[in-house]
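I opened the model to look up how the two chains meet. My notes follow the order in which I checked things.

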Amino acid sequence: MKIIFSRIVSTLLLLLASSLAVFAAIRFSGGDVTAARMPASASAADRELFRKQIGLDQPILKQYITYMGNFVTGDLGNSLTSNARISSLAVEKIRNSLILGGSSLLIVFLVGVPLGMIAALRRNTWVDTGITSFSVAGMAVPNFWLALIAIHLFASTLHWLPSGGQGGFKSVILPALVLSAEGIALTVRITRSAMLENIGQDFVRTLRASGFSERRIYFKHVLRSSLLPIISLAGLRVGQVVGYALVVETIFGWPGVGQILVNAVLRRDYPVIQFFSLLLVVVVTLGNLLASIGYTLANPRLRK
Amino acid sequence: MNLLRRARKNKQLVSGSILATVIVLLGVVGPWLLGDYTDQDLLLGHLPPMTSGYLLGSDALGRDIAARVVVGIRISLIVAISVTVIAVVVGTAIGLVAGYIKGAVDSMISLVVDFIWGFPLILVAVLAAASIGSGLLPVILAVGLVNTVAIARVVRGEVLGLSEKEFVVAARAGGYSTMRILTRHLLPNIMPVVLVLSSYYVAVGIIAEASLSFVGLGAQPPLPSLGQMVSEGRNYMRLNHWESTVPGIVIFVMVLSVSLIGDGLRDLLDPRLRTAVERASSK
């Protein structure tokens with residue numbers, strides 16, 4: 001428990017440092033904040049006034065403290081381009097991204113773990129070769145390209161599924177599958193090698209000698225010991241899913257955090273960039289934390 | 001020599017190396033053979049492959065896709081390989097020092113490393129693009145930073161394990177300098193891991209450059225990055241899907257070749273690395 005507690009404390013400190021880093025990265029950037037809001041013909045004096053209005057004339061540290069103060073009270077500022085309140089944007093975008101990311105993580109483990117187990121149990125047969133080659137290919141295929149092919153095939157040509165936007169259950173299928181492709185491939189590999197590693201262990205031999213059925217040995221004991229690397233992978237996957245969700249959301253027009261962040265960068269909408277990138281860092285850091293807690297709980301040697 | 005013989009028998013390593021050689025040749029010699037990639041002819045746009053002298057067809061502006069693809073390969077290779085070389089050298093050095101010297105130095109390094117590790121690669125690139133503007137530079141900085149940290153983490157872990165082994169303790173008792181122990185005793189032992197990891201990070205570099213150029217934050221026109229070519233072609237999928245499929249397949253083959261080399265190297269050098277490498281390469 002002590003390990004877990006110290007992990008939580010250090011995570012909180014890391015988050016504080018991350019917020020400062022994101023804040024500084026954006027404040028020190030060369031871009032002109034006023035460009036997002038004002039026409040090219042605006043005078044220098046007007047631009048100066050606008051900077052003053054949003055508090056950019058203050059020292060950086062003071063700006064940071066003001067920002068964090070407002071942040072804690074729930075005031076996240078407004079978008080420079082649409083003037084919408086970021087707090088109300090956030091609720092909708094986070095919900096959409098959670099739907100997409102959650103379904104993708106679910107697909108990854110529901111498909112990846114069983115496929116990896118099958119490959120391990122049927123090792124060195126054509127089934128194993130097929131699954132393994134498929135997973136090598138799955139890791140190499142760029143997901144934005146996969147997305148285009150999927151749209152071309154299932155939306156434009158076959159008209160089975162919508163190509164994007166947000167129209168209920170059907171429109172999440174394609175983006176979630178595309179986002180899962182690489183994760184499935186990676187999970188298959190990890191599951192397969194973890195299972196193979198464990199099948200050769202002494203405890204399996206002992207269980208066999210004690211007369212347990214093969215099925216029970218594989219599904220109960222081998223799978224359980226193979227869960228460690230799979231769990232720690234799950235947490236690390238969060239970072240990857242978050243990263244590539246930026247790309248996948250943009251392609252499918254899925255109105256989530258990734259899409260709004262990419263658009264904000266292209267339009268230099270700084271308050272929006274600041275909040276949503278910080279949000280992603282929090283999610284990834286928490287993912288890492290959960291992975292390490294899960295790892296500790298699942299590994300009796302670390303539990304004290 | 002035994003290693004060389006085993007390498008020749010390793011199917012993944014052989015097929016990956018053949019693919020990689022073809023790709024590198026295309027990237028080095030191709031731009032020089034296939035003529036000007038900026039040549040436009042609006043009357044000859046959207047041509048499918050093998051028509052009117054266009055080997056792989058033409059894009060919306062009537063530019064030769066083949067000529068653009070080989071330049072794209074060159075850009076991709078330059079970005080991915082140069083970044084990986086820097087990341088491997090710096091990351092290994094940082095990991096060696098942190099893992100061997102331990103104490104306050106290690107705590108400081110680990111703090112920074114854990115801090116950067118909390119940022120997903122694509123987000124670092126997006127932030128870099130937000131602060132210095134879109135282009136290849138933020139991509140290079142982001143991939144370099146994140147991969148350096150990733151390599152430093154793995155190397156540190158390996159060195160921590162090795163530094164209590166008899167041969168290191170003996171070297172220390174023998175009065176060898178820290179520098180000598182690091183370079184002559186520890187470095188050769190972690191080289192297999194680093195070599196295998198670096199092939200995966202070349203793959204990460206290729207994918208990251210392509211993805212960022214695809215969303216418009218990476219290479220800017222008229223520079224023909226592969227990701228950006230896929231993006232430009234996406235509006236004409238029904239008209240001539242080759243404009244997107246050709247660069248997409250090229251990215252796929254490039255990543256596939258380095259992944260195969262990585263898998264092959266891993267099996268060749270140390271099969272025990274399997275899980276460790278897979279966990280590390282999941283960033």
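In what order do the elements of chain B run from the N terminus on? I read α-α-α-α-α-α-α-α-α-α-α. Helices here are DSSP runs (H or I, at least four residues; strands are E, at least two), numbered from the N terminus.

I noted the ground rules. This is a predicted model, where local features need pLDDT of at least 70 and side-chain atom pairs count only at pLDDT 80 or more, while totals for chains, interfaces and linings use all residues. Residues are numbered from 1 along each chain as its sequence is written, and chains are lettered from A and ligands numbered from 1 in the order in which they are written.

**Chain B**

I looked up burial next. Of the 283 residues of chain B, 51% count as buried. Buried means 20 or more other C-beta atoms within 10 Å of the residue's own; exposed means 12 or fewer, partly exposed in between, with C-beta atoms placed from the backbone.

I then checked H9(B), residues 226–233. This helix is mostly covered, with 8 of its 8 residues buried. Among them are B:Leu226, B:Met229 and B:Glu232. What do the buried residues of H9(B) pack against? I found H6 of chain A, together with H3 (65–101), H8 (178–215) and H10 (242–269) of chain B.

**The A–B contact**

I counted 48 residues of chain A in contact with 39 residues of chain B. Contact means C-beta atoms, placed from the backbone, within 7 Å. On the chain A side, H9(A) gives the most, with 13 residues. By class, that side has 32 nonpolar, 14 polar and 2 charged residues. Ala, Val, Leu, Ile, Met, Phe, Trp, Tyr, Cys and Pro count as nonpolar; Asp, Glu, Lys and Arg as charged; the others, Gly among them, as polar.

**One helix pair**

I picked H10(A), residues 257–267, and H5(B), residues 121–132. Their axes come within 9 Å and cross at roughly 20°. Axes are lines fitted to C-alpha atoms, for helices over the stretch in contact, and angles run from 0 to 180 degrees between N-to-C directions. H10(A) and H5(B) are therefore roughly parallel (under 35 degrees; over 145 is roughly antiparallel, 65 to 115 roughly perpendicular, the rest oblique).

Which residues meet here? I see A:Leu261, A:Val262 and A:Val265 in H10(A) against B:Val126, B:Ala129 and B:Ala130 in H5(B). The contact divides into 6 nonpolar, no polar and no charged residues.

Technical notes: Contact = placed C-beta atoms within 7 Å.
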